[in-house]
Amino acid sequence: MSTSDKFENKADELKGKAKEAAGKATDDEQLEAEGRTDQVGANLKQAGEKIKDVFKS
């Protein structure tokens, strides 16, 4: 996994956490759900990159 991919995936995860927190703070269930979805997507990307790294070695 390249360093830029790691940073990009982590940034996506943090954006998702921020969206989720903003949704909770404003009682916006849709925004909260979007935040959780963003986090799951980022985590899946990170897992996929780790699997690629295993097979490259």
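Author: Glu49 counts as buried, at 17% relative accessibility. The cut-off for buried is under 20%. Keep in mind that this is a predicted model. The Glu49 side chain meets that of Lys52 in a salt bridge, 3.3 Å from N to O. Lys52 and Glu49 are 3 residues apart in helix α2, so about one helical turn separates them. Lys52 is partly exposed, with a relative accessible area of 44%.

Now take the helix itself. Helix α2 covers residues 29-56, which is 28 residues. From its first C-alpha to its last, α2 reaches 41 Å. That is close to the 40 Å expected at 1.5 Å a residue.

Which residues of α2 are buried? They are Glu32, Gly35, Gln39, Ala42, Gln46 and Glu49. What do they pack against? The buried residues of α2 pack against α1, residues 3-26.

Glu32 shows this in detail. Glu32 is found in helix α2. Its relative accessible area is 17%, so Glu32 is buried. Leaving out residues up to four places away in sequence, Glu32 touches Lys19, Glu20, Gly23 and Lys24.

Start with Lys19. Lys19 forms a salt bridge with Asp38, and the closest N and O atoms are 3.0 Å apart. Asp38 lies in helix α2 and Lys19 in helix α1, so the pair ties together parts that are 19 residues apart in sequence. Asp38 counts as partly exposed, at 28% relative accessibility. Lys19 is partly exposed as well, at 29%.

Next come Glu20 and Lys24. Lys24 forms a salt bridge with Glu20, with the closest N and O atoms 3.8 Å apart. Lys24 and Glu20 are 4 residues apart in helix α1, so about one helical turn separates them. Glu20 counts as buried, at 15% relative accessibility.

How many salt bridges does a search of the whole structure find? It finds 8 salt bridges. Elsewhere, Lys10, Glu13 and Lys17 are linked in a network of salt bridges.

Now the start of α2. Asp28 caps the N-terminal end of this helix. A side-chain oxygen of Asp28 lies 3.2 Å from the backbone nitrogen of Gln30. Asp27 is found in the loop between α1 and α2. Asp27 is not a glycine, although it has a positive phi of about 55°. Is Asp27 buried or exposed? Asp27 is exposed, with a relative accessible area of 71%. The cut-off for exposed is over 50%.

Last, the surface. Ile51, Val54 and Phe55 make a nonpolar surface patch of about 360 Å². Ile51 is found in helix α2.

To recap α2: Asp28 caps its N-terminal end. Its buried residues, including Glu32 and Glu49, pack against α1. Asp38 of α2 is tied to Lys19 of α1.

Technical notes. Residues are numbered from 1 along each chain as its sequence is written. This is a predicted model: local features need pLDDT of at least 70, side-chain atom pairs count only at pLDDT 80 or more; totals for chains, interfaces and linings use all residues. Side-chain values use heavy atoms; hydrogens and water are left out. Helices (H or I, at least four residues) and strands (E, at least two) are DSSP runs, numbered from the N terminus. The expected span of a helix is 1.5 Å times one less than its number of residues. Buried means under 20% relative accessible area, exposed over 50%, partly exposed in between (1.4 Å probe, protein chains only). Contact means heavy atoms within 4.5 Å. A polar contact is a pair of N or O atoms within 3.5 Å; within protein, one must be able to donate a hydrogen and the other to accept it, and residues adjacent in sequence count only if both atoms are side-chain atoms. Patches are made of residues with over 30% relative accessible area and no salt bridge: like charges are joined within 9 Å, nonpolar side chains (Val, Leu, Ile, Met, Phe, Trp, Tyr) within 5 Å. Accessible areas come from the Shrake-Rupley method with a 1.4 Å probe; for residues, only the protein chains shown count as cover. A salt bridge is a side-chain nitrogen of Lys or Arg within 4 Å of a carboxyl oxygen of Asp or Glu.
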